[in-house]
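Here is a short report on selected backbone and packing features. Please view the model alongside the text.

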Amino acid sequence: MKNKTLDRMREGERGRLLALPLEHPLYEQLSDLGWRAGSEILCVRRAHKKGPYAYRTAGVTVALRMGDAAWIGVISSIDEEDRRGV
Amino acid sequence: MMRREREVPKRVTVALAGNPNVGKSTLFNTMTGLRRHTGNWTGKTVDCATGRCRTLPALQLVDLPGMYACHEAGHMLAEEAEAITFLESGGADAVLVICDAGALPRNLILVLQLMQRTTLPMAVVVNLSKEARAHGTVVDHAQLAERLGIPVYDVEAYDKRALAALAETLYALPKSRQTHTVTREVPSLPALAEDIARSVTHTTVVRRDRVERRRDGQARAERLTSGRVSGYLVMIGLLALLLWLTMVGANWLSDALSVLLGWIEGWLWRLLSGWLPELLLDFLLNGVVRTVFWVVGVMLPPMAIFFPLFSALEDVGYLPRMAFLLDRPLAACQSCGKQALTMCMGLGCNSVGVTGCRIMESPRERKLAILTNSLIPCNGRLPTLSIIVALFLVGGAGSSWRSALWMLLFLGLSVGMTLLCTAILSRTVCRGERSTYLLELPPFRRPRWGQLLVRSVLDRTIRILGRAVMVSAPAGALLWVLSHVTIGGGTILTHMTAMLQYPAAYLGMDGVILCAFLLSFPANELLLPIMVMLYQGGERMVEIGSYEALYTLFTRAGWSEVTALCTLVFVLFHWPCATTLATVYRESRSLKTTALSAALPTICGCVLCFLIYLVSKINL
């Protein structure tokens, strides 16, 4: 299964958030919004390749930009899982 | 298991807590009859408000700012800290947590955290159940109450009858004995919240095609309003439409109001002529009443049209999409998209916009937003802009679409200048790292037109107009005195305008215009009436709201297109009003920041006006 960072998701692509570093500035805010390891997410829009991006998870759509933080979470692509029959 | 027992005081105070944008302020407004700002986006409520219940005056309600979770001190936003401080200071006898039925898992995290953190009796209101049901989700309230160990009510936040019944229950809440299973030893509250939410929500039997149609509609609207190209086109189109409707409506309303106020003024002259000495009559009617009527005549028409339309955009949920689009240019200036929300608030009132900067997490970006908020024209400046645009740039009040385009251009100039100043400040006095950006994008909702009209007309228009009238009455009296007291062969006003003539000439204006800007420091709404009064040398002001009379007056005073353009630019960019400056000081607690917030737009205005003056001289 091919993993990638959240900002690499294409519009309309579904994924599963596998990991999010505790020290990430968005960790607390994302947790408050219902994001957890393994949560399903959908990339709704990409305003620009550097962000912001709009994601939908746990029934909530959020606009995100990771700022100067190096990376944000690793996701596995559900679409790819579907293709491989996982 | 925990047991809670409290004595019921005579007056019971219940705090309304909950996630942002779940309907706390709507419920507060319905129960108290007050008019807190509501809208379909997160971060509107940034301070606490208290009100007594209409149906049960012994019940006092406190509307707290929205919070996603109870974090430890130092990790909270300013408004979250305010909410937690209030709950922990003992100001409330009970807490009512309002939850969104459509997003129960994350709403329950806060409920559980509050259960852990406070010893106050609690209850939960599940709001927006109808919307959730329309999407196929039903909440089992009895089961939720059982799982949480506290009362749970299914009430829509605008349902007056249901809330009247709820008031009785809330009054008795402090004496209720509550048992719940949440202790500090629970390993993961989010997991527990998700488990509870899963066990109490069921999928209802709704027509699949109807749900899918709704989802498709939401997705289409999302694509259109946040697309890379379509998003900007929609934003510009919507603003142009809003301004065009404002211009068309304001012209019509202005004519009607001009007749009405003229009639009232004539009636007052006839009524008081025989009763009062001529000097006092002149002071009252030409000084106070004329200025007040002018402020009403000038301000009311654009505000009465603009605010309901802008509130509709708020209720639909468009503003966060605008913030999403503007995050990219703002991030390039080392700020974030939330600043766009504070700019939208500033369009109503800069003072509110400055207070709204509390929604920004980073202190550096909050300071940037506070410093640049006055670069966005507030409701006090928009009517002046629209009148001068109509008089000098489109040649009369009839060309509404051209007026709207000019207004859009000036609004674009304001946004451009805000971006430029943000970029300069973030590289000089507000250096630092760009923060992350996270903003909830609420679902699109149909506006409730009745409530929207009441809210925007009664709350915004009348309140702001009332404030303007309160300021304009004494200001009118002062102006009358200044224009009648003579020193050394001229009135005080004549001396003031003569002194300002020299610097004003280099800004493409004249001494009267600059003097009017200085005298309208208490409220921007006063600018045009003061200008008119000064040009008439303390004589009776021209007919209220008459465009032709105004045009003749200004052209006789030597106005050209360059004068109008410089005045328009200076209307956009000059020192903020007294209320806004006081708010900047209250929010920043820094005289330096307050001074900078006044200097920044003034410098921008002076530089631009001087450039226009230079270009006009070269062309000549």
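B:Gln334 sits in the loop between helix H11 (319–332) and helix H12 (338–348) of chain B. Its phi is near 65°, a positive value in a residue other than glycine. Helices (H or I, at least four residues) and strands (E, at least two) are DSSP runs, numbered from the N terminus.

B:Arg589 lies in the loop between helix H23 (578–588) and helix H24 (591–619) of chain B. Its phi, near 55°, is also positive. In chain A, the peptide bond from A:Gly51 to A:Pro52 is cis, with omega near 5°.

## Basis of the model

This is a predicted model: local features need pLDDT of at least 70, side-chain atom pairs count only at pLDDT 80 or more, and totals for chains, interfaces and linings use all residues. Residues are numbered from 1 along each chain as its sequence is written, chains are lettered from A and ligands numbered from 1 in the order in which they are written, and side-chain values use heavy atoms, without hydrogens and water.

## Helix H10 of chain B

Of the 39 residues of H10(B), 29 are buried (under 20% relative accessible area), so the helix is largely enclosed by the rest of the structure. A kink of about 35° lies at B:Leu300, shortly before B:Pro301; the bend is the angle between axes fitted to the seven residues ending there and the seven starting there. B:Gly317 follows H10(B) and has a positive phi, near 100°.

Definitions and conventions:
Buried < 20%, exposed > 50% of the residue type's maximum accessible area, 1.4 Å probe, protein only.
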